[in-house]
Amino acid sequence: MNALRVWVEGVGLWSPQLADFAALRALLAGTAPTASAPRPAAATLPPNERRRAPESVLLAVEAAGQAVAMSGRDAAALACVFASSHGDQAITDYMCATLAQAPTELSPTRFHNSVHNAAVGYWTIATGCHAPSSAICAQRASFGAGLLEAAGLALAEQRAVLLVCSDTAGGGPLNEVTGCRQSFGCALVLAPQAGAAALARLDLAPQPGAPIDTPLSAPLDDWRAGNPSAASLPLLAQLATRGGRCELAAAATLGLRIDTEHVA
């Protein structure tokens, strides 16, 4: 497959340590970043929806809203790809426990929020978006798989695409399998051509074979180990600094080499 070239117009980021992309830039520049709020604000959602939405939705919507605001694009016109390795682990744990102990007490609202495309559903309803949308999962390669999907869609359809990847902290027996220790969400707005809002150019080249992890310094390496969506950190770090090259997993046997060059 030939390399795919797309431009980044917006970046969103939220974790307990980093409130946004500016906080990551500050951290990498040696400055203590502003602390995050206890929960993602997700201001794009109407108040009623925000109150009933689970953390997994708030996290994804917060990152998405930041990226779209930076890009200056109309959220209603953006095709979107939402990726997550584990979906909402807290709800999955609740459903498994309830079905095992008292299945008739299963909450319809929690069941509604358990589906893998819940976050993209909340987002498209809140923004009035009728553009194509999808929700994908590729375990710890979910960010790379989502990036490949979003870049391919941007180029095939010649339209801007919103990519969101997020995972919340696990709990209960499920966390013994996933090892997801904290929440992390990120988002990119990708465009097929350079425009006035372009921040950086990405050249994506699929690499057959087992992907090679790009080294990261502390604490980024610890965050990446504690959340599969934080596999995006090598690319986010390049976007926050001087660019460069990294490799991410797009599948168990497919790497994605990414060359990042900032727009002057």
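Colleague: What is the strand order in the open sheet, and how do the strands pair?
Modeller: In this predicted model, the open sheet has eight strands in the order E3-E2-E4-E5-E1-E6-E8-E7, and the pairing is mixed. The edge strands are E3 and E7, the latter spanning 244-251, and each of them pairs on one side only. From one strand to the next, the twist averages 30 degrees.

Colleague: Take E2, then. Is strand E2 mostly covered or mostly open?
Modeller: Strand E2, residues 79-83, is mostly covered, with five of its five residues buried.

Colleague: In which sense does E2 pair with E4, and over how many bridges?
Modeller: E2 and E4 (residues 161-167) pair in the parallel sense over five bridges, and Phe-82 has Val-164 as its bridge partner in E4. With E3, residues 133-136, the pairing of E2 is again parallel, over four bridges, and there the partner of Cys-80 is Ser-133.

Colleague: And how do E6 and E8 run?
Modeller: Strands E6 (residues 200-208) and E8 (residues 254-262) run antiparallel and are joined by nine bridges; Leu-202 stands opposite Thr-260 in E8.

Colleague: Which strands does helix H7 touch?
Modeller: H7, residues 142-157, packs on the sheet and touches E1, E2, E3, E4, E5, E6, E7 and E8, with its direction making about 170 degrees with that of E4. Helix H3, for its part, lies across E1, E2, E4 and E5 (184-191), and runs at about 125 degrees to E1.

Colleague: Changing topic to H1: which of its residues are buried?
Modeller: In helix H1, which covers residues 21-28, the buried residues are Phe-21, Ala-23 and Leu-24. Viewed down the axis of H1, these buried residues fall within an arc of 155 degrees, so they line one face of the helix.

Colleague: What is found at the start of H1, and what follows the helix?
Modeller: At the start of H1, a side-chain oxygen of Asp-20 comes to within 3.3 Å of the backbone nitrogen of Ala-22. After the helix comes Gly-30, which has a positive phi, near 90 degrees.

How values were computed: Residues are numbered from 1 along each chain as its sequence is written. This is a predicted model: local features need pLDDT of at least 70, side-chain atom pairs count only at pLDDT 80 or more; totals for chains, interfaces and linings use all residues. Side-chain values use heavy atoms; hydrogens and water are left out. Buried means under 20% relative accessible area, exposed over 50%, partly exposed in between (1.4 Å probe, protein chains only). Helices (H or I, at least four residues) and strands (E, at least two) are DSSP runs, numbered from the N terminus. Two strands pair if DSSP finds at least two bridges between them. The arc is that of the directions from the helix axis to the C-beta atoms. A polar contact is a pair of N or O atoms within 3.5 Å; within protein, one must be able to donate a hydrogen and the other to accept it, and residues adjacent in sequence count only if both atoms are side-chain atoms. Axes are lines fitted to C-alpha atoms, for helices over the stretch in contact, and angles run from 0 to 180 degrees between N-to-C directions. Contact means heavy atoms within 4.5 Å.
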